[in-house]
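Reader: I am new to this structure. Please take me through one part of it closely, and then show me what lies around it.

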Amino acid sequence: MTIRWRRFLISGGAALGGAAAYSALASRGASVLAPPFASDGGRMEWRGHRIAHHIAGSGPPVLLLHSIGLWNWSVEWRDVAPALAEHYTVHALDLLGFGHSDRPRVAYSARLYLALIADFARRVVGTPVALMGAGLSGAYAAELAASDPARFPLIALVAPTGLTRLRQRPTTMDDAGRRLVNAPIIGTAAWNARVSRGALRSALDESYHRDALVDYELLEAAFATTHLPGAKHAPSAWLANRLNLDVRPALRRLLQPTMLLWGAQAELNPAEESFGYRAIKRDLRVAILDGAGDLPQLERAEEVGELLKRFLATA
């Protein structure tokens with residue numbers, strides 16, 4: 001069983017005694033999920049579900065993909081997107097199961113998300129688009145760009161996984177944990193314990209180098225998104241390693257300009273991982289940001305925005 005599952009189950013254990021009562025109380029105080037930044041909201045119907053995206057600016061298109069975890073959605077681009085929107089049309093996509101998109105109980109997988117992103121780029125953006133992905137979505141961005149370089153002529157990856165982390169296949173224990181989380185009463189209680197304000201604050205602190213920068217608005221956005229109906233389904237697939245993707249084959253095929261950004265003080269996905277990416281694709285443009293942990297797009301948003309604008313302008 002992975003470390004993520006151990007943490008999840010330990011933190012949720014206290015809730016199991018009074019599961020139903022705990023679940024009823026846990027969601028109290030959750031605010032309405034606001035837009036991640038000043039933008040126009042959009043919807044795409046996809047396989048019977050509504051997919052949300054947020055649009056800002058004008059100019060050549062840029063598609064932003066949020067990382068995948070318990071609370072993640074397009075809010076992690078809240079300060080980078082407006083900077084890019086000064087010169088580009090920014091599309092920030094909420095993946096199925098996250099943010100403002102529907103959260104059905106379906107078989108979530110890397111293949112499903114690759115199909116969703118490809119269809120979105122084709123149907124909504126409609127023209128070649130710069131693709132930027134964070135965390136596990138960075139691995140998806142690399143795979144999509146390697147498979148369709150004409151549609152994705154330039155990519156940027158923020159602390160991507162899939163080289164040594166998040167490329168393993170799910171185990172029997174992983175699937176058992178996923179079924180537990182998806183159980184109606186006990187699973188919901190365990191989920192609510194793991195996404196309490198205190199637990200989310202601890203998770204954000206762990207992802208930041210300077211935890212004093214974790215602000216009230218971000219915490220509330222994390223709390224709101226994790227307490228919407230169906231919020232546990234996609235993250236339970238992530239916990240069970242069902243969303244993993246081995247990025248190595250894609251990196252070997254990538255020909256287009258690629259930028260790699262990483263927080264120098266990242267702990268969950270250390271910056272040393274970047275050495276492996278550079279060993280496979282030697283022409284990577286690499287920026288290691290001092291003073292940033294695992295979420296440089298939040299913690300060092302101004303610098304990330306400037307680096308991305310320069311990359312977009314010169315590639």
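Author: pLDDT is the predictor's confidence in each residue, from 0 to 100. This is a predicted model, so start there, because pLDDT is that confidence score. The protein averages a pLDDT of 89. At least 70 is reached by 83% of the residues. Residues 19-25 stay under 50. For that stretch the model has 12 contacts beyond four places in sequence.

Glu 76 sits in the loop between β3 (61-65) and α3 (80-84). Glu 76 is buried, yet has no salt bridge. Arg 78 is the nearest side chain of opposite charge, and it is 10 Å away. A salt bridge needs the charged atoms within 4 Å.

What does the side chain of Glu 76 reach at 2.8 Å? The backbone nitrogen of Ser 67. The side chain of Asn 72 also makes a polar contact with the side chain of Glu 76, at 3.2 Å. Set aside neighbours within four places in sequence, and Glu 76 is in contact with His 66, Ser 67, Ala 134, Gln 297 and Leu 298.

Leu 298 leads on to Trp 71. Trp 71 is in contact with Leu 298 too, again leaving aside neighbours within four places. Other contacts of Trp 71 include Leu 200, Leu 204, Leu 218 and Leu 295.

Trp 71 belongs to the largest nonpolar core, which has 71 residues. Ile 68, Trp 71, Tyr 113, Tyr 140 and Leu 243 touch the most other members. Helix α4 (residues 110-125) gives this core its largest share, nine residues. A second, separate core has 29 residues, among them Val 80, Ala 85, Val 90 and Ala 156.

Conventions. Residues are numbered from 1 along each chain as its sequence is written. This is a predicted model: local features need pLDDT of at least 70, side-chain atom pairs count only at pLDDT 80 or more; totals for chains, interfaces and linings use all residues. Side-chain values use heavy atoms; hydrogens and water are left out. Contact means heavy atoms within 4.5 Å. Helices (H or I, at least four residues) and strands (E, at least two) are DSSP runs, numbered from the N terminus. Buried means under 20% relative accessible area, exposed over 50%, partly exposed in between (1.4 Å probe, protein chains only). Lys and Arg count as positive and Asp and Glu as negative; His and the chain ends are not counted. A polar contact is a pair of N or O atoms within 3.5 Å; within protein, one must be able to donate a hydrogen and the other to accept it, and residues adjacent in sequence count only if both atoms are side-chain atoms. A nonpolar core is a set of buried Ala, Val, Leu, Ile, Met, Phe, Trp, Tyr and Cys residues joined through side-chain atoms within 4.5 Å.
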